[in-house]
Amino acid sequence: MADQAVVMAPRARGRDWRAPLARRAEGIVIPIGASAVGLAFFGLILLAMGKSPVEFYQLVFKAGFGTAFSWQNTLSRATPLLFAGLCVALPARLGLVVIGGEGAICLGGTAAAALGVALGHAPSVIGLPLMAAAGALAGAVWIGAVGALRHWRGVNETISSLLMAYIGIALMNQLVEGPLRDPASLNKPSTAPLPPALRVGDIPGMDVHWGLIVALVACVLCWVLMERTTIGFAARIAGDNVRAAQVQGLPVGRLILGFTALGGAFAGIAGFFEVTAVQGAANASLAAGYGYTGILIAFLARQNPLAVIPVALLLAGFEASSGLVQRHMDLPDATILVLKAVVFVVILVSDTLYGRFRIFTPSRWSQP
Amino acid sequence: MSRSPISRRSFLTASAGLAGATALSSLPLAARAAGKLTVGFIYVGARDDYGYNQSHAEGAAAVKKIPGVKVVEQEKVPETVAVTKTMESMINFDGATLLFPTSFGYFDPFILQLAPKYKDVRFEHCGGLWTPKDPRNVGSYFGYIDMAVYLNGICAGHATKTKKIGFVAAKPIPQVLENINCFLLGARAVDPSITCQVIFTGDWSMPVKEAEATNSLCDAGCDVITAHVDGPKVVMQTAAGRGAFICGYHANQSALAPDKYLTGAEWNWGKVYTDFVETTLKGGTIDNFVRGGLKEGFVKMSPLGPANSDAARKQFEAVKVEIMKGDYVVFKGPMKDNKGKEIIPAGKAYPETDVALESMNYLVEGVIGSTS
């Protein structure tokens, strides 16, 4: 048995390149293994229903990732999910479970659309950034308020963000059906259509809009912010132990406010892209459930902004395949929901496995 | 070297079997695509919702019976990029060339944007207002169901004892306002002192709010209830449970409470869709703008329930005969809205086919409720 000094001082003898990799590998192998177990478990459910799991997973693969069309299908569904995932993942690193991204998406979209209509014939280079800023601001205020309530009034952020989401959706409906309504939108109350100059187009060669690129860049930047800056380090400390952070003199209040507002801003930008790239106006379709899927994504990604990317793509692919599964296997539309839920639960359960496998312990590799 | 746990022979057998299974499972897909006509139906909610989506699914079921036609269906598709991708998926994977995306919000922008990309596919949309500047391979159709709701109102007018009837509505939009007004005007054709109280729930599928609204209407003394929400099942069950009579909407809900069910305004998409598909099979083109009422078989009435009096049956049948002649007029001047403002001057009349009715924004005198 190695003496403690080896573990305490890795710079001493017996350094091995595998030691630092072990911890990181644990964070990758366990979620992937858990996903595989979840998929296998769902296969058993299908078998019990008398359906073929092989056919099911073939269809999911084909419709989500199997053809060029499938990829565009998946990617075009992924954009709002990426932003919504960030809205949950960022505050979560501070130990805050914010589940009300839906409200910020709705209000962000409404703010962007209202500004776009007011700007009228402004050129794209001026109009679009302003609209994006308006969407981000609306989302930041909405989720930032949740953080402020948490820090200064001690209100539970999970409950308040959920209730704020209901208020946000109601506010959007009130605005879209009242003051902001285009009288020409008869049977689907909407804001006036945005002029063509204020619409976001597709990435050349694909029918996926530019929001995808922005969302991917946002995920990478958030990872850098969280893992490679002092602000992110401070936030993680506050998330692990708020007392310790306060004792160290870290500005916990400002960190909470900043990260909830940043998360909300991303949700607001999701609303901005829904309005300018997809709907062309703000209306009740903004409340499509993206904010709630974002919760699932952030937890599956273990709050890591970089991991949000593959998880959001996987879930978008599942959703893209839902139709083919319904049509070809005669399964109800809830099938994909059940699949998501099974994988989600297994991954949550797998949290108890961390530190249980000796192969992932750095000391295992530190011996000569 | 130790023996491999998988022998070469078993590996070959397994992989051959796998390849065979793959080939087999992909074979029917190709074979199906080679069929004569594949028709896709897309619903915004559950296809067994006792309401809007079910009425369309019943239409799809009728289409399935036509020889040489394959039907693919997908439910619970939101009015987002999801519907664009669902349409494309049906075109690319199933070879669908006739699509019925049935929810109102699918039309603009999703159908209008996708149609130019697939010129060989026909997009038929329920409820939209197609105009000549829209793509030629898009069509919109709808039915004058307000006339059927007017007949609902006649039965309600005979059945009510409190002279108060109730309406649970989703949103104050033209199609809904027209139905509320017709329900009351039908009842007032029986007794001009009747009033109709309306509660808006704010969205198309809000079962909890719908039940609350129904209960408040019953508390306020309404003894005949109808609804315009996507799935009226909750309203019907709650109202019947409170002892009120009910008039159905979208689909036949009589099975939920046969003793309390007076009649109902139903879509008859089975006939419409069969006609459309047969036109397509013969190589013809469906008109871009199609509308029809009771006369054309776009809408129909549920069979009259046992609770209707003889007087109600008589007036119902008499008015129905008039409506079946076509161009029946419910909205004619002088008519005031419920704020006392004159909305239709004396001498002016709007027959059921008048497109101006599709932008209605008022509640007529006698309706208790507000559009905003």
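**Exercise 1. Work out what share of the chain B contacts with a separation of 6 or more comes from residues 24 or more positions apart.**

Step 1: Keep the contacts with a separation of 6 or more; residues 24 or more positions apart account for 67% of them.

Before going on, note that this is a predicted model, where local features need pLDDT of at least 70 and side-chain atom pairs count only at pLDDT 80 or more, while totals for chains, interfaces and linings use all residues. Residues are numbered from 1 along each chain as its sequence is written, and chains are lettered from A and ligands numbered from 1 in the order in which they are written.

**Exercise 2. Describe how domain 1 and domain 2 of chain B meet.**

Step 1: Take the bounds, which come from an automatic or database domain assignment: domain 1 covers 32–143, and domain 2 covers 145–266 + 297–368.
Step 2: Locate the C-alpha centres of these two domains of chain B, which lie 29 Å apart.
Step 3: Count the residues in the contact: 11 from domain 1 of chain B and 13 from domain 2 of chain B.

**Exercise 3. Find how many residues of chain A and of chain B touch each other.**

Step 1: Apply the contact criterion between the chains; 26 residues of chain A meet 32 residues of chain B.

Terms used. Two residues are in contact if their C-beta atoms, placed from the backbone, lie within 7 Å.
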